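Dear colleague,

I am passing on the structure below, together with some notes on what a search of its atoms turned up. Please read the notes with the structure open beside you.

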Amino acid sequence: KRSTSLDSLLASLDSLLATILALAAGLIQHRPSMAALLLSVGAIAAPAPTPTALSAASAPIKIANIEIANPSFESAAGWQQLTRSRAPEVHAPPLGKQFATAAAGSAATTQQLNVVVQPNSRYTLTVWARSVNAPGVTAATTAEISLVAASSSAVATADVGVKSLRGAAASRPSDDGANVFIDGAFRVHFGDTAFVQPLSEDPIGGLWSDASFDLPEEMAWGQIHTPALKAIYGTRYDDGDNLYSEINIHKLVGAAPSYRFGASTTVLRHVGSEDPWVIDAHVYHDADDGRLWLSWGGHHCYVSELDPSSGLLKGDFASADFSSHPAGTHAKVLSWAEEVGDGARPGWEGDGLSSAYMEGPALFKHGGAYWAFGSYGALDRDYTIRACRSTAGAQGPYYDKDGVDCTAFDEARNKFGATMVLGPEADHRVPGHPHVWEEGGTYYLGYDYRATPAAEVDRMGIRKLHWAADGWPTVWTPLQVSLDADASSVGAALTISIANVGAAGSVAAFDALELTRSPIGAPPPPPSSLPPPPPPPPSS
């Protein structure tokens, strides 16, 4: 046994040694020359170096974002073999104003990061991608994203091209959108032709069939299906000598895939001018508060509240005539007009992408905000789908991504507020009449399109819709690839590669890159730019 006095002496020596080491650390940090002199004559012992590699392998790794130079391609900096878009706005990049493009067969675009692979680490790259094929080009577009470190690599590919629908939706005309609701075990679409599809089919890749019922003699159908109301809304108008426009409701009787129609009732009407132009109904039910909203209009678009039981205007009005309703009943939410009402300055012809007219609005609620989508331009020339957001409620006001009021003409930008969502691509030209719906955490954008703008045949189109890091809707697709550190990659520099390995003639686009590091064995959380995972199914 050691004596108590010896233990006390050893404890004192331990304390003194700790003090000396602390003084040495301070000298190394603040007076490196003096510290080097003391070390050289053995006056103090050098502190042991921090075992970085050992610590990295044994200590938990926190999720961390790794910096990528110029991740949205706003300039050419940081990348090798980069080609950027010449017309970025029409393809609506999810981050910034620019994006990278890659023709099939071209060299990959790469960036070697100022990062070396650490042990026990998983590196996950997220890239948003889509096709941006020229008009008429339907070649398959396959995006490839890679992470490379020495002889180790991880590669992911995905078909990011636009898809045409199958079955009756491919062979039969369908004007005024892809207005889909779910009734029982079926999806039901109302355009100028009605289609049905079992829910067991994928809405984009599955077969659509002709419905077994005929629609009333109206157009531009909007639909609603709630526990209290199942109905469709149609448009009638005359833009000749007997100038009028109106929206009518038809109650649906029965269940999908077969319906009968109840009596028609006029919901809203205007006579004598196109200010307002009462056309193109779309109905949205807010499941959060049970309220029902009608969006409608041409030149300018409006939102009016409906009674959720009757489907008629809320307020028990004696007349459906617009002019008889009190101020505030109908809120103007979107504008894209030259001189109708309080439109743009005289002579304005649009912004170069869409001419000075709009119609076909639609509402959707997501992320605590209301989204107003619209068809901007002329259906036989330059339709595009754009969106505005309101955090104040369904009746606005609405603003675009840059904070511009969507009913106010901005002289500096020479247009009204509106943010592009979908422009022309491949044989999906002049997209318009949007409709958004959600199934099990997956969002869809329905629309109509033409193979050529002047064609008089519209087709039904559907794309998946995602929500980017800033909360705005996008048809770009988020892709991911992960590289796990191994013996050959640890200590090697990490390189990002993006390429188009699709068919000749195709062009892929890439934007909004994000890289995270996480522990091997645990999946990384979704990066900030990815949409949240779908909610769990309700418990039975």
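Lysine 314 forms a salt bridge with glutamate 305, with 3.6 Å between the closest N and O atoms; the term stands for a side-chain nitrogen of Lys or Arg within 4 Å of a carboxyl oxygen of Asp or Glu. Lysine 314 counts as partly exposed at 46% relative accessibility, whereas glutamate 305 is buried, with a relative accessible area of 13% (buried means under 20% relative accessible area, exposed over 50%, and partly exposed in between, with a 1.4 Å probe and protein chains only).

Please bear in mind that this is a predicted model, in which local features need pLDDT of at least 70 and side-chain atom pairs count only at pLDDT 80 or more, while totals for chains, interfaces and linings use all residues. Residues are numbered from 1 along each chain as its sequence is written, and side-chain values use heavy atoms, with hydrogens and water left out.

The structure holds 23 salt bridges. One of them joins aspartate 183 to lysine 230, the closest N and O atoms being 3.1 Å apart, and this pair links distant parts of the chain, since aspartate 183 lies in strand 9 (residues 180-183) and lysine 230 in strand 14 (residues 230-238), 47 residues apart. Strands here are DSSP runs of E with at least two residues, numbered from the N terminus. Both aspartate 183 and lysine 230 are buried.

Aspartate 402 and arginine 413 also meet through their side chains in a salt bridge, at 2.9 Å from N to O. Aspartate 402 is partly exposed, with a relative accessible area of 47%, and arginine 413 likewise counts as partly exposed, at 26% relative accessibility.

Turning to the strands, an open sheet of four strands has the order 17-18-19-20, with antiparallel pairing; two strands pair if DSSP finds at least two bridges between them. The edge strands, each pairing on one side only, are strand 17 (282-285) and strand 20 (330-335). Within this sheet, strand 18 (residues 292-296) and strand 19 (residues 300-306) run antiparallel and are joined by five bridges, and leucine 292 stands opposite leucine 306 in strand 19.

As for the aromatic residues, a search of the whole structure finds 26 aromatic pairs, where rings of Phe, Tyr and Trp (its six-membered ring) pair if their centres lie within 6.5 Å, and planes under 30 degrees apart count as stacked, over 60 as edge-to-face and the rest as tilted. The rings of tryptophan 336 and tryptophan 348 have their centres 5.2 Å apart and their planes at 70°, so this pair is edge-to-face; tryptophan 336 and tryptophan 348 are both buried. The rings of tryptophan 437 and tyrosine 444, by contrast, have centres 5.3 Å apart and planes at 25°, so they are stacked. Tryptophan 437 is buried, at 6% relative accessible area, and tyrosine 444 counts as buried at 5%. One aromatic cluster is formed by Tyr284, Phe364, Tyr370, Trp371, Tyr443, Trp467 and Trp472.

Finally, threonine 474 lies in strand 30 (residues 473-474) and is buried, with a relative accessible area of 3%. Leaving aside neighbours within four places in sequence, threonine 474 is in contact (heavy atoms within 4.5 Å) with residues including Ala92, Trp128 and Trp467.
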